[in-house]
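The sequence and the structure come first, and the text follows.

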Amino acid sequence: MPTARFIVGGRVQGVCYRASAREQALALGVAGHAVNRRDGSVEVLAGGTAAALDALERWLRQGPPAARVDTLSREDLPEQDLHGFHTA
């Protein structure tokens with residue numbers, strides 16, 4: 001399954017970004033995780049179809065209503081066998 005790592009910067013911690021990203025990912029059939037990083041950004045590791053990853057990327061650029069996304073980077077990774085979607 002295609003896999004990508006997204007790093008999202010801005011006001012993305014303390015605004016339900018990870019929980020909302022999980023809901024969006026599950027609705028798209030994407031597996032992986034969303035975790036807070038020490039620098040205040042959020043890392044999203046996601047595996048799914050290419051179309052689902054593109055749709056998730058579009059959502060990540062917006063985020064939930066209380067978030068403000070300033071930066072988003074995407075790194076396509078070798079395929080991984082991910083299951084479920086977890087937040088930490």
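Ser-41 is buried, with a relative accessible area of 6%. Here buried means under 20% relative accessible area, exposed means over 50%, and partly exposed lies in between, with a 1.4 Å probe and protein chains only. This is a predicted model, in which local features need pLDDT of at least 70, side-chain atom pairs count only at pLDDT 80 or more, and totals for chains, interfaces and linings use all residues. Residues are numbered from 1 along each chain as its sequence is written, and side-chain values use heavy atoms, with hydrogens and water left out.

Ser-41 sits in the loop between strand 2 and strand 3. Leaving aside residues up to four places away in sequence, Ser-41 touches Ile-7, Val-8, Gly-9, Val-12, Gln-13, Val-35 and Asn-36. A contact of this kind means heavy atoms within 4.5 Å. The hairpin of strand 2 and strand 3 has five residues between the strands, and Gly-40 in this hairpin takes a positive phi near 95 degrees.

## Chain and sheet

The protein chain has two helices and five strands. Helices (H or I, at least four residues) and strands (E, at least two) are DSSP runs, numbered from the N terminus. Along the sequence the order is β-α-β-β-α-β-β. The radius of gyration of the protein chain is 11 Å, close to the 12 Å that the globule rule gives for 88 residues, so the chain is as compact as a globular protein of that length. That radius is taken over C-alpha atoms, and the globule rule is 2.2 Å times the number of residues to the power 0.38. Along the principal axes, the C-alpha atoms fill a box of roughly 30 × 20 × 20 Å. Of the 88 residues, 44% count as buried. Among contacts with a separation of 6 or more, 78% are between residues 24 or more positions apart.

The strand pairs are listed below; two strands pair if DSSP finds at least two bridges between them.

| Strand pair | Sense | Bridges | Residues opposite each other |
| Strand 1 and strand 4 | antiparallel | nine | Gly-10 and Val-69 |
| Strand 2 and strand 3 | antiparallel | six | Gly-32 and Ala-46 |
| Strand 2 and strand 5 | parallel | three | His-33 and His-86 |

## Helix 1 and its ends

Which residues of helix 1 are buried? They are Tyr-17, Ser-20, Ala-21 and Ala-25. These residues cover an arc of only 135 degrees around the axis, which puts them on the same side of helix 1. The arc is that of the directions from the helix axis to the C-beta atoms. Glu-23 and Ala-27, on the other side of helix 1, are exposed. The buried residues of helix 1 pack against strand 1, strand 3, helix 2, strand 4 and strand 5.

Cys-16 lies in the loop between strand 1 and helix 1. At 57% relative accessibility, Cys-16 counts as exposed. Its phi is near 65 degrees, a positive value in a residue other than glycine. Most residues other than glycine have a negative phi. Just after helix 1, Gly-29 takes a positive phi of about 75 degrees.

## Nonpolar core

A nonpolar core is a set of buried Ala, Val, Leu, Ile, Met, Phe, Trp, Tyr and Cys residues joined through side-chain atoms within 4.5 Å. The largest one has 21 residues, and those with the most contacts inside it are Phe-6, Tyr-17, Val-30, Val-44, Ala-46, Leu-56 and Leu-60. Strand 1, helix 1, strand 3 and helix 2 each give two or more residues to this core. The largest share, five residues, comes from helix 2. Phe-6 touches residues including Val-44, Ala-46, Leu-56, Leu-60 and Leu-72.

## The start of the chain

Met-1 is placed in the segment before strand 1. Met-1 is partly exposed, with a relative accessible area of 36%. Residues that Met-1 touches include Gly-47, Gly-48 and Leu-82. Met-1 and Arg-11 are ten residues apart in sequence and 30 Å apart in space, C-alpha to C-alpha.
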